[in-house]
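Please look through the sequence and the 3D structure below. A short tour of selected features follows.

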Amino acid sequence: PQSGYCNIAASKVAVWGFHGGNDDQFPYQADAVDAAAVNNCSPIIPAVDTIIAGEGHGIFQTVVYDLYNGHHIPNVFQWMLKVNRGMNVVTNLPPVPVIAEGPIVGGNLVISLNAPVKEFTLDGSASHDDDDIIMDYWWQKAGIPSGLTPEDTIVVASAMWPKATVTASPAHLRIPAGDWNFKFRVRDYLTSAIYGSNNHTQIVNVTVKINYPDGSHSAPATDAGGSIIIPSDQTTVPGRVGQAEAYNCTDCNIVSYLWTQVSGPAATLSNYHDPGQPYPPGESAIAFTDLNSPGIYQFQFSATNNHGDVGSDIFTITKLGALPVAYAWFNGQSEGNKNVLEWATTSEVNSLRFDIDRSTDGIHFTVAGSVTAKGGASTTTYGFDDNNAVPGLTYYRLSQVDKDGKSSLSKTISVLNRKTGLYIEKYPNPVHDNLTVTIQGNTNGTMHVMIADMQGKAIIQLQWQKDQALLKKAVNVGALQNGVYQMIVTLGGDKQVSSFVKY
């Protein structure tokens, strides 16, 4: 009877009904009837009805109690922490979200550029609710410039954070010019409830105008590949190729590429034919060889379009200096849950200590420990036990530090440890934009990843499939506000919690 629904309303009981859209036992429309019956009694907290498309009858454990926001944001636990039973809409109308009025949100933003741009950020972080219980944020691409396809850009949208990054797709080195249209939604826990004229879901249309320089043609966008560091015993960097793209150009295409060395010790660009001409088929990757001297090598990649416009970018190789110690050997092996490293030197000059660098991908290293140098001109042996060895393959190198603070690197070795469990590394930490996450272990399956603030509020929810010993992923955290965050990784019965700093 209706009186029962009114008892729920009068008792200020929050109601959220879930129902699978494919329920073959009970019609999902019944939930809407129940929610409407409660709301007909003017409750302080309006009843909410949510239909989960594609789900059947038994959805409680997998959907309703989904901790990872895979089916709805917020989940039921986040929602219960937000509702306010003491609110009185008669004497104190509940505040509604206020969408930020800034350079983007609430109006148009014109970006005038003299060079290609690979990404820009949509920022609605000034949005607020006077009772501080915004339910979520949502950015959505609503329209693209004429002549383009939806695949021309990627929008990294956030349903739990007010910022989103618009990034050029892999097919483009810059975001095409034109009008990019977006919708920005902010809502509090009362969702679409209306008290008088107070709508608790606020939506605004946003247009971002990107204007590249006027004219019939412009210099191509180019990407040479950034920079790398190599140890003193490495003399070759193989498999590099520049990328280029013509833009803002009528009847325009790339007609030639050119790699040249612009500074640093002498080196050779091998597998490179016909400078100034297009790359021959199958020979687009070049190698930098004869990197014999320590120092900073800089190479320029240039691209020319059929109008004669040239765009260029720099690729830098830094080669470390010669080792102040001579190594007789450096090896390692797994012993139970630890990895044992051994090395020996035949001579040491001004040596202070050896830092043991550890990595799960062979590229990004952290210090696992240190051993004091013994010095001398005869064979000297050292050992180090990595008691925190990760399951799976681990890379090690020695960073020898002089008494004057200078350092040099040994060769890199690898050790395979077959213990079970998960090991997680994140770099860089602190991080500004892209956080690289490596997860190593012998357990495979569906992995849930949550990034939360220090109050436990879920901000980013991800689901990865781990089907090999080492999984490497990149997470864009540029939209996060500065501060300390937790990363919670769950796979099977294993749960790992670690932190990182966003600046």
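## Charges over rings

A charge sits over a ring if NZ of Lys or CZ of Arg is within 6 Å of the ring centre and within 35 degrees of the ring normal. Keep in mind that this is a predicted model. Lys 374 is placed over the face of Tyr 382, at 5.1 Å from the ring centre.

## The disulfide

How many disulfides does the structure have? The count is one. Cys 6 and Cys 41 form this bond, with their sulfur atoms 2.0 Å apart. The pair links distant parts of the chain, 35 residues apart. Cys 6 is in helix α1, residues 2-10. Cys 41 is in the loop between α2 (29-39) and β2 (48-52).

Is the disulfide left-handed or right-handed? The torsion about the S-S bond of Cys 6 and Cys 41 is about -65°, so the disulfide is left-handed. Buried means under 20% relative accessible area. Cys 41 has 17% relative accessibility, so it counts as buried. Cys 6 has 29%, so it counts as partly exposed.

## Aromatic pairs

A pair of aromatic rings is described by the distance of the centres and the angle of the planes. The structure holds 15 aromatic pairs. One of them joins Phe 120 and Phe 182. Their ring centres are 6.3 Å apart and their planes are at 85°, so the pair is edge-to-face. The cut-off for that class is over 60 degrees.

This pair links distant parts of the chain, 62 residues apart. Phe 120 belongs to strand β4 (residues 119-123), and Phe 182 belongs to strand β8 (residues 178-188). Are these residues buried or exposed? Phe 120 is buried, with a relative accessible area of 8%. Phe 182 counts as buried at 1%.

Ring pairs also build a cluster. Its members are Tyr 257, Trp 259, Phe 288, Phe 299, Phe 301 and Phe 315.

β13 and β20 (residues 310-319) run in the parallel sense and pair over four bridges. Ile 228 has Ile 317 in β20 as its bridge partner.

## An antiparallel sheet

Another open sheet also has four strands. Their order is β32-β31-β34-β35, and the pairing is antiparallel. The edge strands here are β32 (458-466) and β35 (494-502), each pairing on one side only. Neighbouring strands are turned by 20° against each other on average, direction ignored.

How many bridges join β34 and β35? Strand β34 (residues 483-491) pairs with β35 in the antiparallel sense over nine bridges. The partner of Leu 491 in β35 is Asp 494.

## A threonine contact

Thr 222 is found in strand β12, residues 221-223. This residue has 14% relative accessibility, so it counts as buried. What does the side chain of Thr 222 reach? It reaches the backbone oxygen of Ser 312, at 3.1 Å.

## Backbone details

Two cis peptide bonds deserve a look. One joins Tyr 427 and Pro 428, with omega about -10°. The other runs from Asn 429 to Pro 430, with omega near 10°. Where are the prolines? Pro 428 lies in the loop between β29 (422-427) and β30 (434-441). Pro 430 is found in the loop between β29 and β30 too.

Next come positive phi values. Ser 42 has a phi of about 50°, although it is not a glycine. Its place is in the loop between α2 and β2. With a relative accessible area of 61%, Ser 42 is exposed. Asp 290 has a positive phi near 60°, and this residue is not a glycine either. Asp 290 is in the loop between β18 (286-289) and β19 (295-305). At a relative accessible area of 37%, Asp 290 is partly exposed.

Terms used
Residues numbered from 1 in each chain as written. Predicted model: local features only at pLDDT ≥ 70, side-chain atom pairs only at ≥ 80, totals over all residues. Heavy atoms only, no water. Disulfide = S-S within 2.5 Å. Helix = DSSP H or I, 4+ residues; strand = E, 2+ residues; numbered from the N terminus. Buried < 20%, exposed > 50% of the residue type's maximum accessible area, 1.4 Å probe, protein only. Pairing = 2+ DSSP bridges. Phe/Tyr/Trp six-rings, centres within 6.5 Å; stacked < 30°, edge-to-face > 60°. Axes fitted to C-alpha atoms, helices over the stretch in contact; angles between N-to-C directions. Polar contact = N/O pair within 3.5 Å; in protein donor to acceptor, adjacent residues only side chain to side chain.
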